[in-house]
Amino acid sequence: MALLTKAPKGTYDLLPRDTARWQAVEAVMKSEAELHGFREIRTPVFEHTELFLRGVGDTTDVVEKQMYTFEDKGGRSITLRPEGTAGAARAMLEHALYNEGLPVKLYYNTSCYRYEKPQAGRLRELHQFGVEMFGAADPAADAQVILLAHGAIGRLGLRNITLEINSIGCPTCRARYHQALKEYFSARCDELCETCLSRLERNPMRILDCKSPVCQEIAAGAPKILDYLCDDCRTHFEAVQQYLTLAGVEFTVNPTIVRGLDYYTRTVFEFVSSEPGYSFAIGGGGRYDGLAEELGGKSIPGLGFGLGMDRILLVMQAQQIEFPAEETCEVYLASMGQAAQQKAFVLAQKMRECGIAAECDVCARGLKAQMKYADKIHAQYTIVLGDDELANGKAELKNMATGEKKEISIGDDFIDAYLTLSTEQSDLAF
Ligand code: HAM
């Protein structure tokens, strides 16, 4: 039975008491992205498996170990998206968005699926706010995308977050680097885990982000990509740093960042939290100039990032960052008897039509139970309607915080009367 009443491992429910926080964080990210000229894209939650094999890379942990892949009833291999970039790139090519002016600037707020070993901040259903920019090869674009993420993180009030950047070069300098890595790792190949051994020939850079402690210890002494960059990549990386400095953004160059996805070229970056108990990347991204072509499209440079929403919310909670107050019921109209219940029903609807959050009894409960409920939902005001109130056309408006009561007309002028009284009461409270 637990299968029916327990969410699958690595997933969680976002309950009404928590959604206001999420909406507040999403609103900041959306606003920051739109300030930079990005527009929202929504792509399917599943794609052809081939898209991720080609895009993300078949020697990555994500593809080798973590994808939710299945055959559909038509015999196609389908995968739940493990990340947002490949789908956005596919959609950009499919709809030839590059004809609508370059750069194409997209953002998304989506769930992703990775079969990982769940732990704090590591989920099987995770949520990312991401942006992708296509058609901009200049280092100013790298800096702008980083600034966008940096701006959103700053507006959220997050502390103890550092920006770490690196360049992992282009296919030209990568070939020399791969050779150096092969030589280095071959000397200690009998100590590498099985997966890394199989990556040694195909993609030695992937050994650098293996999670096995032994491989990590070996990788720590491996040659660094920065020493192998070609002149163009070095100049590009220096220019990105110059732009970031011009914008007053603090960063450190971390030559060990290689990212876990194969499509990256040149600039890569991560925003890393050092909050005690929450030391992980809250976001990461980089440039991927070969991705569009790898997917069979025309050659278009691209870059972007994904911010881990679940992790950001965790850190914000740990840092006790204040979120906006939840929307609560403004007026609860309680009633005694059927005629009063009908009157409350009509008045509550009138209030909602005027933008006032109003509720009334829909469970045919007694007055005591209704007032208990009004208390639970933190109604700011209550009005009780019974036979006397219906006969007199008047009732009492009670301010639940102060206990103050005022007489209110429940006739045609009800809304005006409410607006006047509620303003007077809040003036009083002020
Ligand atoms: P990623 O580094 O794999 O990059 O994921 C981005 C962020 O998602 C991570 O920094 C982390 O905060 C969060 N994240 C990843 N896996 C999990 C997980 N299992 N549980 C909770 N949070 C997680 C990408 O996905 C790229 N598509 C980013 C990108 C966009 N690069 C260019 N454009």
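In this predicted model, strand β15 (residues 394–399) runs antiparallel to β16, and the two are paired over five bridges. To find one of these links yourself, look for Ala-395, whose bridge partner in β16 is Ile-408.

Five strands make up an open sheet in the order β13-β12-β14-β15-β16, and their pairing is mixed. At its edges are β13 (358–360) and β16 (405–409), each of which pairs on one side only. From one strand to the next, the twist averages 25°.

| Helix | Strands touched | Angle between directions |
|---|---|---|
| α13 (residues 338–353) | β12 (331–335), β13 and β14 (381–385) | about 165° with β13 |
| α14 (residues 367–376) | β12, β13 and β14 | about 170° with β12 |

While you are in this part of the chain, look at the loop between β13 and α14, which is the place of Ala-364. Although Ala-364 is not a glycine, its phi is positive, at about 50°.

**A pair of helices**

How do we describe helices that pack together? The crossing of α2 and α6 is right-handed.

Which residues of α2 and α6 meet? On the α2 side they are Val-28, Met-29, Ser-31, Glu-32, Ala-33 and Leu-35, while α6 brings Leu-148, Gly-151, Ala-152 and Arg-155. Sorted by class, the residues of this contact are six nonpolar, two polar and two charged.

**A cis peptide bond**

Next, find Leu-102 and Pro-103. The peptide bond that joins Leu-102 and Pro-103 is cis, with omega about 0°. You will see Pro-103 in the loop between α5 (85–94) and β5 (104–113).

**Empty spaces**

Rolling a probe the size of a water molecule over the atoms shows where empty space is left. A cavity is a space where the probe fits but cannot get out, whereas a pocket is open. How many cavities of 30 Å³ or more are there? The count comes to one.

The largest cavity holds about 80 Å³ of space. Both α5 and β5, the elements on either side of the loop with Pro-103, supply at least two residues each to the lining of this cavity. The residues that line the largest cavity are Ile-41, Thr-43, Pro-44, Glu-47, Arg-81, Glu-83, Gly-84, Gly-87, Ala-88, Tyr-108 and Thr-110. Their classes are four nonpolar, four polar and three charged.

Elements that give two or more residues to the lining of the second largest pocket are α3 (49–55), α7 (171–186) and α11 (291–294). Which residues lie nearest the centre of this pocket? They are Arg-174, Asp-262, Tyr-263, Tyr-264 and Glu-294, out of 22 residues that line the pocket. By class, this lining divides into 10 nonpolar, six polar and six charged residues.

Key:
Residues numbered from 1 in each chain as written. Predicted model: local features only at pLDDT ≥ 70, side-chain atom pairs only at ≥ 80, totals over all residues. Heavy atoms only, no water. 1 Å grid on protein atoms, 1.4 Å probe; cavity = no way out; pocket = protein on both sides within 12 Å on 5 of 7 lines; lining within 4 Å. Helix = DSSP H or I, 4+ residues; strand = E, 2+ residues; numbered from the N terminus. Nonpolar A, V, L, I, M, F, W, Y, C, P; charged D, E, K, R; others polar. Pairing = 2+ DSSP bridges. Axes fitted to C-alpha atoms, helices over the stretch in contact; angles between N-to-C directions. Contact = heavy atoms within 4.5 Å. Left-handed = near helix turned anticlockwise from the far one by under 90°. Points joined across faces, edges and corners; volume = space filled by probe spheres on them.
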